[in-house]
Amino acid sequence: MSDLKSRPKLLQEDNAVNCKVCDAPFKTLQDCLAHELLKHTIKPQKKLRKCLDAVTKLFASEQIQSERRQLQSLLVQTKSGQHMRAVVGFYAGNCNALANCFAQVRKSIQKQMQGKVKVFPFGSLVTGLALKDSDIDLYLEQVDTTSSCMTHRQLFNRTHNFLRRSDCFSDVFAIRHARVPIIRCKHVMSGLSIDISMTSPNSTHNSRFVAELLNRDVRLRELFLFLKIWAKKLKIIGSGSMTSYCLITLIIYQLQQLRYLPSIKQLQSRCPVQDIFGINYAFCLQNVRPLPASLTTFDLVTSFFELYSHMDFEKKVLSPYLGHELNVETAFSVPGNFPEYEAQMMAMQRANGEQPEQFQSQRCVCVQDPFELQHNVGQSISQTNLCYLHQCLVLAAQACKDTKLKSTPAKFYDYLLFGLAENLMQEQRLEHLQPAKLRKQVQQIMATPADAATAKPSVAEPTDPPDAATVQSAATASVSVKPTDDKVSSSSPVENGAPLMHVHTLTPTNNDLKSLRADFLSKKRNAKKTIYYYWVECYVDAIKDILSNIYALNMKQIDSNAPSTSDTLPRHITWLISTSLDTWSSRNFQRTSKQSFFAQQLQQTIEFSKTRSQNPSYAISLSGRFSLVISPDYKELRLELQPMPGDDLALQRQSPLTKFFKSLKNMLCNYNFREKVISLQYER
């Protein structure tokens, strides 16, 4: 376990250090830090800390802790050699329930469309990789392909209108501007979420390939399912980061590197072309050799972590079609380097009548779709996500080599699914405790001229960094201190964890500051405070007005750090908030030119009070603690919403507190800051 508690590839016996972002090797820690400051912005590291903080707070929730205890209890009772299968079974979804829901939805849509469309499933329903929280993905294909058929837009609008009118579906929402526009809704009877697309059949063919591949060997299905569970639990897969299909593609590429699966080009060489809008989706798996009998699913999982923990994603294009990597700088920019890609682009242009979008090679991660060669399935992964992914892969690879940890399977799988993120968060805290002397050495290296770098230094060698154990003990002591103020403690405390709350942070935009300068400071010649102070003051007043007037909440101030002078804002303000009427559901945040945004929202509140007060559907019981925390430089305003003591379920997804907080964030995103600035000058 000792190697799992140390920073990935930090100071080893030979003092070699690897960059956390690009994995480049360096002889000393100072050289590595200097490289990170030069080549990698600090911003992703700050975002990474926020990402880890969000994950650890999620893990601290009672729901996740209960799930963790259930899994541990199951693994303790599991027979030797069956633990990975037990984990997969614990999280796997009910494919029969998904299939029954699909049959009902298909019947309903085809009946409404009078047989003009066919409904095809794709995604986890077809591949068998459904988890308990998986949704259903559908593709609508028109039966009539003549010139008199509906356009994609007409079919999209007609389907959207039907779903909104139908009693079988709820929460219907159209996402029109995505790469593949979809309609998202919920099936009322089963409660399952559904995504419907009608512009691209590519996903149906990709899913068919994955399904046939997994049907060849149960070990492949366990491999794909376990890695999907691992990535989902650590939030590697999620909105704005890696997609499930990107992970599937990475596993396919891994199998090719292990020589267990030929390239897609080889699989297409001995079968007829299946052309779909210029893309060949043909393949034949009959001649693929079976996996070795001695190979275990754990061996495949270990090789995945080992392969990608050393992968330089930023310099390579991973191509399952070719079965090997390409140089990201020359693969698509130099004509003739990738003739199959160029041929497919021309075929797609002939089939669709327009130039297809080029492969997005200017991204942190470049993973080519196995069939659609111009699609980068890893394009949604940001620099922060890549850094987080790399550190998770490194720790997972180390865990798979730790004999002592593997000897206790319950602890091993608990570490992979939960403890790994906690370990990363601890490392981030350790980095904050690096002494000022070490940071000064980095600054000296940064200031050293390039020509002096090659000369032999005349000064003594820099002092070695402090022992990791010493720093870790200091960090542990710092983290384990309990809050002295009972008012700040969590209503659902978790041992050594942060209070459970909803948090939203506001920072001044350029437009905010321009409005302050033009409409307030230019007319207030005797302003003695910084522009950021007045920005915070405007927002504090606006938020109080929004809570008390627009949302009609009962507010009682219970905590306020008293300022040193009467004309200075307190740093921390807390109110007890409560209400019995839902004034946020179905609220419209779209601005109009006829009246101010605040007046428009106030008018909606008046209407809600009249129409909803006698409607039991809008009767709720909301109570909590709402706090405003102002940073010392007035450049940040943090909103915190905590439940009342003993209310352990108040922060669930469908709870009144959560819905209210989401509405408040939408309100602040659409709020016209200039309106408050103009009103502020008349209030003074």
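Reply: Helices here are DSSP runs of H or I with at least four residues, strands are E runs of at least two, and both are numbered from the N terminus. On that count the chain has 24 helices and 17 strands. Keep in mind that this is a predicted model. The pLDDT averages 80 over the chain, and 79% of the residues score at least 70. Residues 1-14 are below 50, and that stretch has 39 contacts in the model beyond near neighbours in sequence. Residues 448-498 are also below 50, with 42 such contacts. Of the 684 residues, 47% count as buried. Among contacts with a separation of 6 or more, 66% come from residues 24 or more positions apart.

The part I'd pick is helix α12, residues 297-309. Its 13 residues reach 18 Å from the first C-alpha to the last, close to the 18 Å expected at 1.5 Å a residue. What is buried along α12? Thr297, Leu300, Val301, Thr302, Ser303, Phe304, Phe305, Tyr308 and Ser309.

Helix α3 (residues 62-77) packs with α4 (residues 83-91) at an angle of about 140°, and the axes are 10 Å apart. The crossing of α3 past α4 is right-handed. From α3, the contact uses Glu67, Gln70, Leu71, Leu74 and Leu75, while α4 brings His83, Ala86, Val87, Phe90 and Tyr91. By class that makes seven nonpolar, two polar and one charged.

Ser263 sits in the loop between α10 and α11 (264-268). At a relative accessible area of 8%, Ser263 falls under the 20% cut-off, so it counts as buried. Leaving aside residues up to four places away in sequence, Ser263 touches Gln256, Pro320, Tyr321, Leu322 and Gly323.

Step on into α11 and you find Leu267. Leu267 is buried too, because its relative accessible area is 5% and the cut-off is 20%. Leu267 touches Phe209, Leu261, Pro262, Phe283, Cys284, Leu285 and Val288, again without residues up to four places away. One of these, Leu285, is 18 residues from Leu267 in sequence, yet the two C-alpha atoms are 6.8 Å apart.

For comparison, here are two other spots. Thr159 belongs to helix α7 (residues 152-165), and with a relative accessible area of 0% Thr159 is buried. Beyond four places in sequence, Thr159 touches Met113, Leu140, Ile183 and Met198. Then there's helix α21 (residues 531-550), whose 20 residues should span 28 Å at 1.5 Å a residue; the end C-alpha atoms are 27 Å apart, which agrees. With 15 of its 20 residues buried, α21 is largely enclosed by the rest of the structure. After α21 comes Ala552, which has a positive phi, near 55°.

Methods
Residues are numbered from 1 along each chain as its sequence is written. This is a predicted model: local features need pLDDT of at least 70, side-chain atom pairs count only at pLDDT 80 or more; totals for chains, interfaces and linings use all residues. Side-chain values use heavy atoms; hydrogens and water are left out. pLDDT is the predictor's confidence in each residue, from 0 to 100. Contact means heavy atoms within 4.5 Å. Buried means under 20% relative accessible area, exposed over 50%, partly exposed in between (1.4 Å probe, protein chains only). Axes are lines fitted to C-alpha atoms, for helices over the stretch in contact, and angles run from 0 to 180 degrees between N-to-C directions. A crossing is left-handed if the near helix is turned anticlockwise from the far one by less than a right angle, and right-handed if clockwise. Ala, Val, Leu, Ile, Met, Phe, Trp, Tyr, Cys and Pro count as nonpolar, Asp, Glu, Lys and Arg as charged, and the others, Gly among them, as polar. The expected span of a helix is 1.5 Å times one less than its number of residues.
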